[in-house]
Amino acid sequence: MPRKKSSPLLLLRSAVSTFYSISRLALLALIAMLAASIAFAADDQNPLANDPKAAKAGEYEFRINCALCHGLGAHGGGRGPDLTRTQKKHAHSDAEMFQVISNGIPGTAMPSNGTNGQGVGMTDEEIWQIITYIRSVEVKAPAKPIGNATHGKELFYGDANCSLCHMVEGKGGRVGPDLTSVGGSRTREAIIDSVRNPSRRLAWGLTESTKEFPQEYETITVTTADGKQIKGVALNDDSFSVQIMDSSEQIHLLEKDKLLSFKKSRESLMPIYKPDVLSDKDLDDIVAYLVSVGAK
């Protein structure tokens with residue numbers, strides 16, 4: 001017996017019904033995904049707190065997205081602070097830490113999630129995993145802080161001559177980077193290393209929206225058309241011009257095609273402070289002062 005053909009109208013109704021069924025399932029799935037995402041993001045407390053599996057996953061995410069600046073193990077590096085400290089300048093609660101990782105910190109090298117070209121953008125759950133990992137590696141601060149901050153301040157503005165080039169809380173020189181926040185953004189070991197070996201890792205300087213990372217404090221030496229030699233730190237440098245601040249804090253804006261010579265060096269203008277010039281104890285005191293200011 002021949003099979004009865006369906007009318008075009010019945011076929012259309014069937015197709016529409018199937019489409020709406022599929023669309024409804026897709027919509028429900030999307031709503032469920034959004035609800036889960038909102039649940040992760042809206043929590044004031046970390047929903048994955050104290051979960052060993054989440055901490056392990058967070059360690060993996062941390063290595064991809066955070067270790068470039070904060071170091072392996074979150075112990076800090078030349079660019080980012082030690083996150084194993086229980087006291088953090090920009091985030092105290094898990095919810096605050098979530099916002100810092102998601103949105104970054106304006107005016108600092110801390111970018112918002114997925115915008116720094118390192119690693120990949122993270123989901124809310126992955127951010128919570130990283131926070132779980134950070135909490136798992138936190139250590140208590142030593143009972144007795146290292147160094148005498150009061151004496152360190154005296155040295156900074158006195159015999160150590162730090163303030164001739166560096167500024168803290170609006171007071172001091174401008175040739176070197178402002179150190180007001182360095183005690184909260186870099187590890188103690190990194191600060192000491194920058195004094196003992198200033199050319200090993202140059203400090204960041206001018207921040208520009210068009211650059212992924214701030215420009216470094218490179219040394220520029222030029223000879224002008226009249227034979228004058230100028231040496232200083234690069235405030236800005238492009239294909240056509242260079243802006244230099246010399247040791248007397250005078251700023252020079254020069255066109256490169258009018259210079260007799262131009263040399264860029266990664267050798268810092270800052271002198272090397274060996275222990276026979278600045279003792280370990282005095283340096284500990286200066287670092288203690290910078291840490292006390294950076295923690296405010």
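Visitor: What order do the strands of the open sheet have, and is the pairing parallel or antiparallel?

Guide: In this predicted model, the open sheet has five strands in the order β6-β5-β4-β3-β7, and their pairing is antiparallel.

Visitor: Which strands stand at the edges?

Guide: The edges are taken by β6 (251-255) and β7 (261-265), and each of them has a single partner strand, so one side of each is left without a neighbour in the sheet.

Visitor: And by how many degrees are neighbouring strands turned against each other?

Guide: On average, neighbouring strands of this sheet are turned by 35° against each other, with direction ignored.

Visitor: How many bridges are there between β3 and β4?

Guide: Strand β3 (residues 219-223) pairs with strand β4 (residues 229-237) over five bridges, in the antiparallel sense, and Val 222 stands opposite Ile 230 in β4.

Visitor: Switching to helices, at what angle do α2 and α5 pack?

Guide: Helix α2 (residues 52-65) and helix α5 (residues 124-137) pack at about 100°, and their axes are 7 Å apart; the two helices are therefore roughly perpendicular to each other.

Visitor: Which residues make that contact?

Guide: From α2 they include Ala 54, Ala 55, Gly 58 and Phe 62, while α5 contributes, among them, Gln 129, Ile 130, Tyr 133 and Ile 134. By class, the contact of α2 with α5 has seven nonpolar, four polar and three charged residues.

Visitor: Which residues have the most contacts inside the largest nonpolar core?

Guide: That core has 20 residues, and those with the most contacts inside it are Phe 62, Met 97, Ile 101, Ile 127, Ile 130, Ile 131 and Ile 134. At least two residues of this core are supplied by each of α2, α4 (94-103) and α5, and the largest share, six residues, comes from α5.

Visitor: What is Ile 134 in contact with, leaving aside its neighbours within four places in sequence?

Guide: With those neighbours set aside, Ile 134 is in contact with Phe 62, Leu 83, Lys 88 and Met 97.

Visitor: Which residues does the second core include?

Guide: The second core, which is separate and has 18 residues, includes Phe 156, Ala 160, Leu 290 and Val 293.

Visitor: Where do α6 and α9 come in, and how do they cross?

Guide: The axes of helix α6 (residues 149-156) and helix α9 (residues 280-294) come within 7 Å and cross at roughly 100°, and α6 and α9 are therefore roughly perpendicular to each other. Phe 156 of α6 and Leu 290 of α9 are among the residues that make this contact, whose residues divide into seven nonpolar, three polar and three charged.

Key
Residues are numbered from 1 along each chain as its sequence is written. This is a predicted model: local features need pLDDT of at least 70, side-chain atom pairs count only at pLDDT 80 or more; totals for chains, interfaces and linings use all residues. Side-chain values use heavy atoms; hydrogens and water are left out. Axes are lines fitted to C-alpha atoms, for helices over the stretch in contact, and angles run from 0 to 180 degrees between N-to-C directions. Helices (H or I, at least four residues) and strands (E, at least two) are DSSP runs, numbered from the N terminus. Angles under 35 degrees count as roughly parallel, over 145 as roughly antiparallel, 65 to 115 as roughly perpendicular and the rest as oblique. Contact means heavy atoms within 4.5 Å. Ala, Val, Leu, Ile, Met, Phe, Trp, Tyr, Cys and Pro count as nonpolar, Asp, Glu, Lys and Arg as charged, and the others, Gly among them, as polar. Two strands pair if DSSP finds at least two bridges between them. A nonpolar core is a set of buried Ala, Val, Leu, Ile, Met, Phe, Trp, Tyr and Cys residues joined through side-chain atoms within 4.5 Å. Buried means under 20% relative accessible area, exposed over 50%, partly exposed in between (1.4 Å probe, protein chains only).
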